[in-house]
Every structure is written in C-alpha cells, then in structure tokens.
Amino acid sequence: MHRGKGMKFVGDSRVPAERKPNIPKDYSEYPGKTEAFWPNFLLKEWMVGAVFLVGYLCLTIAHPSPLERIADPTDTGYIPMPDWYFLFLYQLLKYSYASGPYEVIGLVIPGIAFAALLLAPFIDRGPHRRPLKRPFATGFMLLTLAAMIFLTWQSVVTHDWKAAEEQGKIVQEAKIDKSSEGYQLFQKNGCINCHGEKLTGGAAAPSLVDTGLKPEEIKKIARNGKGNMPPGQFKGTDQELDKLANFIANLKTK
Ligand code: HEC
C-alpha cells in the first residue's frame, strides 16, 4: 500500500493511479507446468476417489461394525463404554481423586488442557518454531501425550471385555404375548427386573428364551433359585406357578 509522499491520485482520491490489474495469467503462459481442469485433472481426482471408495467398501464388508443388541432402558446393569478416543477421559474419571466428591477435578483438568490450547497463541508468543527452542510448549505436549496414552492403555487393560461382550450380545427374541397370564405373573413376581422385559436377560440374569428347560425344572428354579439367582423369587400359588412355568417353557425363537 502506498501512503503519503509520492502517491499519485486520480479523480477519486481513494484510488491510487498505479493500481495493478488482479487478473491471473492464462495457463498457456506456463507451458508444461499446468493442465486443464476438465477433463484431465478431474479424471485423476475421480480415479483416486474410486480407489478409496472401493477400499472402504472392502473394509466395511470385511469388518462389519460391532453392533450390540437393541438398547433396553429397563436394563440398568448395562455399563456403556465410550469410543477409543475418549477412553483416557473415561479412565481419568475412575480414579478416586478425580471422581465422586472430586469429580470436578476429573472435569476441570481436561477443561484446562483444552482451554490452554485455545489460549496457546496468546501464551506462547516466542518467535521460534523449532520444537527444541520451545521447551515449555514441547514439554507440555509430550506430557499430555504420555498421559493420554497411559490412561487409554490403562482403561483397555482394566476393562472386563468378556463381560462387555456378554452384556451387549444379540440374543434371539421370542414372540411374547404381553397380555397373557404367564407374562403378567412374570411381571408381578419381579422376574422382569433381572430377566428383562423381553425375557432375553441382561447384565443381571441370562435369557429365558430357548432354555430347553421343562416346566417342572422352571418351577423348582422359581421357588429355590439357582446359582446366582436367589431363592424365593416366586411368591404366588402353585396354580399360578404352573402357568408361569408353562409360559417360560414355551418361549422359543422358532
Ligand atoms: C435377582 C435377579 C433375578 C430374579 C428376580 C429372577 N431371576 Fe431367574 N435367574 C437369575 C440368575 C442370575 C440366573 C442364572 C443362575 C445361574 O445359572 O447361575 C437365573 C436363572 C433362571 C432360570 C434358569 C435359566 C437357565 O437357562 O438355566 C430360570 C428358569 C429362571 N431364572 C426363572 C426365573 C423366574 C420364573 C423368576 C421370577 C419368579 C426369576 N427367575 C427371577 C436372576 C434372577
């Protein structure tokens, strides 16, 4: 921008006389260094795009997304897990100094870290660009990186992957007549709290579909319990128990 002395003015004093036209030269002025956008350049772009598209298609077919069963709002035992990129935050919240009454710390530490990123241009005003000449910025970056890798690794090795697979398993559902007497008894006696709305089980109990159990065996379990199922779950009459046991014994996927 020209200012002050030596400036020539045309009629309008705001427009300098020697204004250069802002038009780029034609590409024919750079022989051998340019190519036509259409079709040469676009064709190359599309070929690369097609290769990636086919690559992603193969990847999605070879590794289908790890879907779990449909979310069940009555299943309070389900422990959700964030995706890999949030595992370090998830892990941080597990430590006693960053959870419960100190939960604020678990939220404030990452908050400060992200705020510091926003403020970096104002805090780090040094002229240097080489990492070695910016010891504080580099040091904090390495420290954060190390903490994130450590926390992610910790959350992976301390997670119970078998239980996670179990709780999300897609189970076969049976057609259930919710107005039937058997289902009413299943609800009334609280079996539903552990075995789930669709009797497909959950974190607290196994599925009751396709058990292959006879009504007699189910009656015994309902009264006496089994393994982790406490006894005395059924509180009704023998007649009702007959109905409930027959209802469960007939739960089949086919
Ligand atoms: C407190 C949770 C809880 C409640 C309530 C509950 N169950 Fe269970 N049930 C379990 C657990 C846990 C098991 C798995 C026991 C084991 O094999 O260790 C189980 C297993 C069973 C089985 C055997 C399934 C199989 O494939 O072996 C039957 C049948 C059953 N329950 C029926 C009932 C009925 C009927 C009721 C209601 C009267 C009921 N349960 C209430 C927790 C519960």
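Colleague: Is Cys191 buried or exposed?

Modeller: This is a predicted model, where local features need pLDDT of at least 70, side-chain atom pairs count only at pLDDT 80 or more, and totals for chains, interfaces and linings use all residues. Residues are numbered from 1 along each chain as its sequence is written. A residue is buried if 20 or more other C-beta atoms, placed from the backbone, lie within 10 Å of its own, exposed if 12 or fewer, and partly exposed in between. Cys191 has 21 C-beta neighbours inside 10 Å, so Cys191 counts as buried.

Colleague: Which helix holds Cys191, and which residues does UniProt list for "binding site"?

Modeller: Helices (H or I, at least four residues) are DSSP runs, numbered from the N terminus. Cys191 lies in helix 7. UniProt annotations may be inferred rather than shown by experiment. For "binding site", the unreviewed UniProt entry lists Cys191, Cys194 and His195.

Colleague: Which helix gives the most to the shell around the ligand?

Modeller: The ligand is surrounded by 24 residues, with Cys191, Cys194, Ala205, Gly227 and Met229 the closest. At least two shell residues come from each of helix 7 (191-195), helix 8 (215-224) and helix 9 (238-249). The most, four residues, come from helix 7.

Colleague: How many residues of that shell are charged?

Modeller: Ala, Val, Leu, Ile, Met, Phe, Trp, Tyr, Cys and Pro count as nonpolar, Asp, Glu, Lys and Arg as charged, and the others, Gly among them, as polar. The shell has 15 nonpolar and eight polar residues. The number charged is one.

Colleague: How far apart are the C-alpha centres of domain 2 and domain 3?

Modeller: Domain bounds come from an automatic or database domain assignment. Here they are domain 1 (30-62), domain 2 (84-158) and domain 3 (181-249). Between the C-alpha centres of domain 2 and domain 3 lie 49 Å.

Colleague: Where in helix 3 is the kink?

Modeller: The bend at a residue is the angle between axes fitted to the seven residues ending there and the seven starting there. In helix 3 the kink is about 45 degrees, shortly before the proline Pro121. It lies at Leu117.

Colleague: Is Gly49 buried or exposed?

Modeller: Gly49 sits in helix 1 (residues 37-62). Gly49 has 11 other C-beta atoms within 10 Å, so Gly49 is exposed.

Terms used
A residue is near a molecule or strand if its C-beta atom, placed from the backbone, lies within 6 Å of it.
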